[in-house]
Amino acid sequence: MSRHRDEHLDLCAARALGVLDEAGQAELNAHLAEGCAQCERELRDLAGGAMVLAMSPPQHQAPAAVRARVLAAIDSGGASGRQQDASVVALPRRPWHAGPAGALLAAAALIAVALAGVSAWRRTESLTRELAATQARTDSLARALDEERRWAAVMTAPGARTVLLAPTTAGTATLVAELHYDRASDRALLFAQGLVPPDAHAYELWAITATGPTSLGVVRADADGRAVVRLERIARDGAVAAFAVSLEGSGGSPDHHKPSGPVVMLGKISG
Amino acid sequence: MNDTEQDRRCWDRVAGGDPAALAEAYDRYADLLYSLARRIVGSSSDAEEVLQDAWLQAWRSARSYDPARGALGAWLVTITRTRALDRLRSMGSRRRGEAAATVEAASDPPPRSTDPATGYARRALRNNVATAITALAPQQRQVLELAFFEGLSQSEIAARLNAPLGTVKSWTRQALLKLRERVPVEALP
């Protein structure tokens, strides 16, 4: 077995970056083929670094025309280059009623038409019920859509403010949150990430007014620490000047108007 | 279902010949790949050609993608970068200069944002990426950019920067590991 050397890590880096020459490829492949957990791990980490680099250029929207051209090329099969499975064989076309089997098929078709006529009224009744159910679902979806539009408007309303909540000295750098607040509707949307509290703890969001803080509730994030929260009646205790996040026990602060733990994030409303 | 699992299922369908699944993957990765292609080839028209060729190649070779060997996004990036560098080389040095100027002057709209949460996640990720790149030492950043976006070999980079080859290799590895450390892996496509 080729013993692991530091030079192998340099080869891993060159491969992750896509600049490893043929001799290097051969050497690294031979080394990996014999099993080197360190190099395997290194390759995974370095690939992550290369992905960050790939994302670093200014971002542009891909032209819709390219999408259309790609899908059209695939649809036409001209660009597929894929071989059909050997078991799929195209049969030559001929009239369905030709030959002796045609008469039997024709009889079967007539019977089918007759049966269809007998059961038509049942289908009509069933369709009427389905139509009513569909109408109810449509009404429900329309209501849900209206509600979604009202929430989306929080971000686009003329008076809406975006508040970036930055970690305080008591917080960690991984905490990131952005809050969109529309005073007119008194609604807000919070987007946060990195909200992974220590065991038996939780993050609590606060609105800060002239009279002090008011709890807006405990923020429950997903397993990856991400959260999207809809908030209403933000300014029930007066005009809000800032938002804050504190680290509390799992149930949140016992006092609705005072954090019991450290404030880990803070963002003031500008304008 | 996380993004990786979603990608795997989606690409299984692509490998099975489902064009709708390819459209789904396209919508997820096209902005990233197009932006990468533009950075390499310079002009938007060349980048469009690269993007189209890359997706058709991905479709043709869909069955060769192995999730065990890396993320779908990384595989698509490799295809696109290779295509873009091929095109860059075929363009010749004169047009490369013109292309670089075009990139600086271009100002088409930023990527679409499908919903507020996705838009926010993308902005946060872009900020993380920009911060990680800025935090690199200038030589480390230059080594990565010459290799990744211009396709220079490490020997060529050493000659260009008048630095020992061993130093270039060392900068490369350190820089990639720093980028990886500073951007959470779960945030990457």
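**Close-up views of a predicted model**

**View 1. Eight strands of chain A line up in an open sheet.** In this predicted model, the strands follow the order β5-β4-β7-β8-β1-β2-β3-β6 and pair in antiparallel fashion. Take a look at the edges, where β5 (212–219) and β6 (227–232) of chain A stand: each has a single partner strand, so one side of each is left without a neighbour in the sheet. On average, neighbouring strands of this sheet are turned by 20° against each other, direction ignored.

**View 2. Strands β4 and β7 of chain A run antiparallel.** Here we move in on β4 (residues 201–209) and β7 (residues 240–249) of chain A, which are joined by 9 bridges. To find your bearings, look for W206(A), which stands opposite A244(A) in β7(A).

**View 3. Helix α3 of chain A spans residues 37–54.** Buried residues of α3(A) include C39(A), E42(A), L43(A) and L46(A). Further along, G48(A), G49(A), A50(A), M51(A), V52(A), L53(A) and A54(A) are buried as well.

**View 4. Q154(B) has its place in helix α7 of chain B.** This helix covers residues 154–161. Is Q154(B) buried or exposed? Its relative accessibility is 9%, so Q154(B) counts as buried, the cut-off being under 20%. Leaving aside neighbours within four places in sequence, Q154(B) is in contact with A14(A) and V19(A) of chain A, and with L165(B), V168(B), K169(B) and T172(B) of chain B.

Terms used:
Residues are numbered from 1 along each chain as its sequence is written. Chains are lettered from A and ligands numbered from 1 in the order in which they are written. This is a predicted model: local features need pLDDT of at least 70, side-chain atom pairs count only at pLDDT 80 or more; totals for chains, interfaces and linings use all residues. Side-chain values use heavy atoms; hydrogens and water are left out. Helices (H or I, at least four residues) and strands (E, at least two) are DSSP runs, numbered from the N terminus. The expected span of a helix is 1.5 Å times one less than its number of residues. Buried means under 20% relative accessible area, exposed over 50%, partly exposed in between (1.4 Å probe, protein chains only). Two strands pair if DSSP finds at least two bridges between them. Axes are lines fitted to C-alpha atoms, for helices over the stretch in contact, and angles run from 0 to 180 degrees between N-to-C directions. Contact means heavy atoms within 4.5 Å.
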